[in-house]
Amino acid sequence: MPVSREILWDIARELGFTSMGITAPNHALPLPGTPMKALPFEPRSIVALVMPTFKWADSASPPEKAPEKDAAEFAAAYIGMNTTHHKSGEWMERVRALGIQAERLSAIRSKTAALFAGLGEYRMNTLLYTREHGSYICIQVFAISALYEPDEPARCGNPERADLAPGCVGCRRCVKACPTGALDGKGGIDVNKCLRFHMFSGKPTPVEYRRLMGRQLIGCEVCQFVCPMEPPTVGIIQREDWPWLRMENLLEPSTETLDAMGKAIGVNYARLRRVQAQTALIAGNFCRREYLPPLKRLMVVNDPTVSEHAQWAAERIQYGCPE
Ligand code: B12
Ligand code: SF4
Ligand code: SF4
């Protein structure tokens with residue numbers, strides 16, 4: 001007996017997904033420069049699942065405004081993205097248990113697949129907007145061996161260049177608000193200018209962007225939270241006083257700190273040297289002399305990004321802080 005589409009959706013809904021769309025395998029396009037993973041079966045449908053993420057209740061402050069609290073900061077969306085990753089893994093296992101082969105596709109263009117699966121529209125900040133949750137979503141895409149009727153694509157005739165959704169052309173709030181001018185005002189982005197691109201990249205952040213990192217450990221959402229098209233239904237969560245976010249724990253994190261971080265935002269971020277590299281920039285932005293001893297130790301670790309960031313931070317604290 002073939003498994004109906006409704007059954008796949010029932011499983012997704014039970015796990016917390018708010019939409020599911022289906023498109024044809026030719027709309028699963030590889031990320032530029034990334035070869036497509038060979039699948040152990042012939043994919044007959046592509047399934048895109050969407051789960052809402054979060055905004056902080058007190059709304060994200062622009063990263064350059066370093067507050068008094070002695071802790072780093074991160075975009076609340078990463079909590080939701082971590083949950084979505086785990087829940088979509090559960091979805092895959094339950095679909096497999098029905099006799100359908102399924103594989104997660106991480107190295108494909110998720111927004112394009114979701115556009116073709118009719119799940120949302122493309123806006124000038126380069127994000128996909130769903131009706132219910134705007135761009136505060138996480139998309140997960142799977143290839144499956146069962147054949148289903150594809151959904152109607154939403155405004156996406158050309159996979160290389162989606163049409164911009166109405167309302168975007170005259171607004172430009174995201175373009176004006178981006179601290180680095182990364183958005184080109186036509187729907188494209190210069191990733192080398194995007195702050196998020198430099199966080200946790202493993203490479204030194206260009207000097208001109210280091211102060212703009214403020215106390216942000218991971219994520220930038222300036223071009224999202226200024227957008228008037230974000231619906232009020234976006235999930236709101238309260239910040240907590242997480243010990244793993246405190247500077248005293250982040251500069252030289254213990255295994256417990258990294259474990260707690262991994263549980264909250266995903267193990268792929270809880271990597272010692274990546275954490276230290278970003279935290280060194282934050283320490284420089286806090287401009288507190290008490291960070292000099294750990295920064296001096298980081299200056300001599302065997303990681304060129306960590307040591308360069310630590311050197312920059314130490315010099316700033318010693319000679320360049322505002323009065
Ligand atoms: C690499 C990457 C980044 C890079 C580059 C982002 C970018 N906009 O290219 C960096 C590190 C900067 C980044 C940042 C963020 N990211 Co990111 N990222 C990715 C990743 C892994 C690949 C994206 C990519 O390179 N696609 C390649 C392009 C060619 O494919 P595409 O994006 O599908 O293609 C569409 C557009 O490029 C468009 N297009 C291309 N050129 C042009 C030109 C014009 C004029 C027009 C109109 C359209 C257009 O047409 C295509 C649609 O058909 C995806 C996950 C994935 N596997 O797709 C997440 C993903 C896009 N990121 C996501 C998120 C949430 C973010 C952040 C908000 C996280 C944060 N809070 O910091 C920021 C937002 C920054 C921003 N404004 O984009 C979500 C987006 C959800 C959504 N609502 O769209 C994704 C889908 C992850 C997920 N699992 O949900 N990200
Ligand atoms: S801020 Fe304005 S231009 Fe930018 S994505 Fe939102 S509606 Fe479009
Ligand atoms: S994520 Fe931040 S730096 Fe990147 S485009 Fe948006 S506002 Fe600009």
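In which strand is Ile-137 placed? Ile-137 belongs to strand 8, which covers residues 137-144. The model is a predicted one.

**Ile-137**

- Ile-137 is buried, because 28 other C-beta atoms lie within 10 Å, and a residue counts as buried at 20 or more.
- Ile-137 and Ala-77 are 60 residues apart along the chain, and their C-alpha atoms are separated by 7.8 Å.
- When neighbours within four places in sequence are left aside, the contacts of Ile-137 are Val-50, Met-51, Pro-52, Thr-53 and Thr-130.

**Helix 1 and helix 2**

- Helix 1 spans residues 5-15 and helix 2 spans residues 77-96; the two pack at an angle of about 150°, and their axes are 10 Å apart.
- Angles over 145 degrees count as roughly antiparallel, so helix 1 and helix 2 are roughly antiparallel to each other.
- Helix 1 and helix 2 cross in a right-handed way.
- Helix 1 brings Leu-8, Ile-11, Ala-12 and Leu-15 to the contact, while helix 2 brings Lys-87, Glu-90, Trp-91, Arg-94 and Val-95.
- In the contact of helix 1 with helix 2 there are 6 nonpolar and 3 charged residues, and no polar ones.

**Helix 11 and helix 13**

- Helix 11 (residues 272-286) and helix 13 (residues 304-320) have axes that come within 8 Å and cross at roughly 15°.
- Angles under 35 degrees count as roughly parallel, so helix 11 and helix 13 are roughly parallel to each other.
- The crossing of helix 11 and helix 13 is left-handed.
- On the side of helix 11, the contact is made by Arg-273, Gln-276, Ala-277, Ala-280, Leu-281, Ala-283 and Gly-284.
- On the side of helix 13, the contact is made by Thr-305, Val-306, His-309, Ala-310, Trp-312, Ala-313, Arg-316 and Ile-317.
- The contact of helix 11 with helix 13 has 9 nonpolar, 4 polar and 2 charged residues.

**Ligand 2**

- There are 13 residues around ligand 2, and those that come nearest are Arg-123, Cys-168, Cys-171, Cys-174 and Cys-227.
- At least two residues of the shell around ligand 2 come from each of helix 4 (168-171) and helix 5 (173-177).
- The shell around ligand 2 is made up of 8 nonpolar, 2 polar and 3 charged residues.

**Ligand 3**

- The residues that surround ligand 3 include Cys-178, Cys-194, Cys-220 and Cys-223, with Pro-179, Thr-180 and Arg-196 also among them.
- Helix 6 (195-198) and helix 8 (222-225) each give at least two residues to the shell around ligand 3.
- Sorted by class, the shell around ligand 3 holds 10 nonpolar, 1 polar and 1 charged residues.

Notes: Residues are numbered from 1 along each chain as its sequence is written. Chains are lettered from A and ligands numbered from 1 in the order in which they are written. This is a predicted model: local features need pLDDT of at least 70, side-chain atom pairs count only at pLDDT 80 or more; totals for chains, interfaces and linings use all residues. Axes are lines fitted to C-alpha atoms, for helices over the stretch in contact, and angles run from 0 to 180 degrees between N-to-C directions. Helices (H or I, at least four residues) and strands (E, at least two) are DSSP runs, numbered from the N terminus. Angles under 35 degrees count as roughly parallel, over 145 as roughly antiparallel, 65 to 115 as roughly perpendicular and the rest as oblique. A crossing is left-handed if the near helix is turned anticlockwise from the far one by less than a right angle, and right-handed if clockwise. Two residues are in contact if their C-beta atoms, placed from the backbone, lie within 7 Å. Ala, Val, Leu, Ile, Met, Phe, Trp, Tyr, Cys and Pro count as nonpolar, Asp, Glu, Lys and Arg as charged, and the others, Gly among them, as polar. A residue is buried if 20 or more other C-beta atoms lie within 10 Å of its own, exposed if 12 or fewer, and partly exposed in between; C-beta atoms are placed from the backbone. A residue is near a molecule or strand if its C-beta atom, placed from the backbone, lies within 6 Å of it.
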